[in-house]
Amino acid sequence: MKRSPLLLAIFLISFTLRTLAITASLNTDEGLWIYRGSQFIKRLLEADLTRTFLKHHPGVPNMWLSGTSMWLNCSLHKLFPGFLGVDLPSDLSACLNIQEFPISLYIIPRLVQAIVTSACMVYLYILSKRLFGKAVALCTISLLLLEPFFLAYQRFITTDALQADFSVLAILLFLSYLQKDSDRKSLLVSGVFLGLATAAKITALFLLPAVALLIVLIELGIWQSSFPKRGWKQQFQGFALWGATILVVFTLIFPAMWVSPGYVFTQIYKGILDESDRGFLFFLGQLTHSPGILFYPLVLAYRLSPVLQVGLLATSAVLLLPKLRQEQQKVPELAALVVISLCVLLILSVSDSKIDRYINLCLPILGLLAVVGWLKIISWVENWVGDRITHLPNFSSDRAPLTAVVLLLLQLIFLLPHYPHYLTYYNPLLGGVKVAQNIFMIGQGEGLEKAAQWLNQSPNVKEIKVASWYSRYFSTYFHGQTLPIDKRIPSGIQPWTQANRVVFYKNQLQRQLPEPKMLAYFAMQQPLYSVWFHDVDYVWVYPGSIPLAEDIKRIQFPLSLSFGEQVRLLGYDLNQTKLSANEDLIITFYWQFLAPLPPDIQLKIGLRKNSSSLNELSNAPLLNGYILPEQISPGTILRDVHKLKISPVKPQQHYQIEVGWVSPSQGKEFGRAVISKVIR
C-alpha cells in the first residue's frame, strides 16, 4: 500500500470514529469550553486581550477551535437564518455572548476538533514509523483508534484530547532529536507541539522532568546504541532551546500573554492550587479529598482495554527478560517511553486531585508500548503453529497487517457494546461498571441526554422547569427551562424547590452533593424515569416540588380539604396502604396555598392509633425545611413529601394519619383533620 492512501485512510477512519453520533453524549465540560471559546474570540475582537484568560488549564487551543467554530455558527445563522435550527442574536457580539448552547451548535466545533485530532493520528503514524518501523506504527494506530477510553475523550471538546495528541507527538519528535546530533528541526517542532499541549492543559509540563531524566540517563552512558552522549553542556543547551520554544509558542497563541504575562502566570498558579484542593471526590466506596496511591493503578486496570493491557504485559516481559530483550529491536527507545510513562504517572499520583481522565496524557505512549508486545505475541503464535502445522503462509516478512487486523477485531469486541457512550466502558474482565461504581466516580454526563429526551415528550414541555445536576449539559438537550442544583448551597430559595422535575446523576449521589439532607429527601421517593447503562443506574428523574397538571390528576387520594382560608389539601399519595412493624410510611401532600401565611405557621403531622385517641402532632417542615411558609406565593401548589415511622407493636394495631396547621404566636390552629384510611 502506498503511503498517501494509507495516511488518507487513517485520517478518514479517525474522523469517522470521532464524528459518528456526533450529537450524542456530550461531556459535562464541553459546554464550558464552548462558552469560554466564544468569550475568547469576542474579547479578542474587542482587543480586550488580558481577559482572553478564562481558565487556568488554560485551554488556549481549545478556545481557538471552539471560539472560531462558534463565530462560524453565528455567521452561518446570520447568512442563512434557520439553518442551524436555533434562534441566535443577529449581532455577532451578542451571539458570542450566549451562555446556553443547543446541541446543533456543538456540531461544527466537534467537526473542527475531529479534523485536528485526526491529523494528529496521521502524524503519529509517521513519527512512529520513523522511530519504530511500519509494523509498530500501523498497529499503534489500529489499537489507539478503537481504545474506548481514549476514543471517548478524543470526541469531546475538552482539553484532554489536544493535550494527549500534541504531547505524544512532542515526545516522539524529541526522541528523534536525541538519536541524531544535528536534528535541531525535530527539537524545534517538538517544542512547538509541547507548547501547544501546555497551552491546552498545563499538566503537559509533567513531561519536562521525565525528559530531563532521560537526558541524565543518556549522559550516564545508558542506551548509547540509540542515544549517543553529547556532553552535559550540549544537552543543557538543547533542553534550554526546547524549553524556550515551548514558552514562545505558549506566548504566541495566547493573547493574554502579549500584554499581561505576570497576570497569566499568577492566575494559573492560583487555579492549580484551587483545583488541587477541590475535594468532593469518591474512591473505594467513600468520600475523600485525596485518593491514595492506588488510584491510578486501579484506573489503568479498569479504564484500559484488555487488549492494551495484554500488550503491556508482553512488552514488560520483553524488556525485563534478558533473552527476549536481546531479540528485540529499539530497546532504548522503548525503555525511554517506559520511563516517561512511569514519571508522568508518579507525578500524577503525588497530587491530591486525581481524576481518571488525567491518564490521557500518557495513554498514546502506553498504546505504542502495548503494540510491541502484541507483535511479539503474534510472532510466538506463528512459531508455535508453524512447528506443528506445515505448509502455512509465511507472515514473518510483514507481520503488521495481520497484527493490525487482530488488534482491530479484538478492540471492536470491547468497544461496540458501549457505542456511542464510550465512557461507560470499564474493563469487563474485572466486573465492568457494576464493580467500578463501588470504586470510582461514575459518569461524565452520559445518559443525561436520554433523560432530557424523555422529558421532551411531555405536553407543554417548553413550560416545564427541570432542576438538574450538570444543568448546562442538560439544557443542551432539554426544550424547557433548566434550573441548577448548586453544590455551594447559596442562601435563599433553592432553585430546585421551584422545579416540576428534578434530575440526579450518578457521581452526584456518590459524592453526596449538594448535601445529604437534600438527597435523602428524594431518596425516599420513587423516580419517574431512570437511565441505565450495563445494569447500572446513571440518571434518575424525580417529580419536583411544583406538580404539573397531570400530577394533580394522578393523585392517589384526591381531596378538597380547607385549613382556614390560607391552605387547601388537594389530596395525598401513600407508598403503601398496609404496613408491617418498623416499615416507613411515605406520604406525599399536595398543598394549595390561597393566601399569605403567618411567618411562624407550622405543619403538624402525626398518627392516631384508634379512632378515639388524639396524639400530639410533630413538626413537619415543608420540603424538609428547604422552603419557609412565608416564601410561598398565593396560588402555589406544592408537592410535599414526608416520612412517618411505624413503631414495632404487638399485637398489630390500626393507624390513621392526622394533619394540621398551627401558628404558635397567634395561639391559633388553622385546622386539623384525619385524612387517611386505616393503615395496619
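Modeller: Take α9, residues 184-200. Helices are DSSP runs of H or I of at least four residues, numbered from the N terminus. The expected span is 1.5 Å times one less than the number of residues. For the 17 residues of α9 that gives 24 Å, and the end C-alpha atoms are 24 Å apart, so the two agree. This is a predicted model, in which local features need pLDDT of at least 70 and side-chain atom pairs count only at pLDDT 80 or more, while totals for chains, interfaces and linings use all residues. Residues are numbered from 1 along each chain as its sequence is written, and side-chain values use heavy atoms, without hydrogens and water.

Colleague: How many of the 17 residues of α9 are buried?

Modeller: Buried means under 20% relative accessible area, exposed over 50%, and partly exposed in between (1.4 Å probe, protein chains only). Twelve residues of α9 are buried, among them Leu-187, Phe-193 and Leu-196. Their cover includes α3, α5, α8, α10 and α11.

Colleague: Which residues have the most contacts inside the largest nonpolar core?

Modeller: Such a core joins buried Ala, Val, Leu, Ile, Met, Phe, Trp, Tyr and Cys residues through side-chain atoms within 4.5 Å. Here the largest has 217 residues, and Phe-440, Trp-591 and Trp-661 have the most contacts inside it. Helix α8 gives the largest share, 13 residues.

Colleague: Where does Ile-222 lie?

Modeller: Ile-222 is in the loop between α10 and α11. Its relative accessibility is 34%, so Ile-222 counts as partly exposed.

Key. Helix = DSSP H or I, 4+ residues; strand = E, 2+ residues; numbered from the N terminus. Contact = heavy atoms within 4.5 Å.
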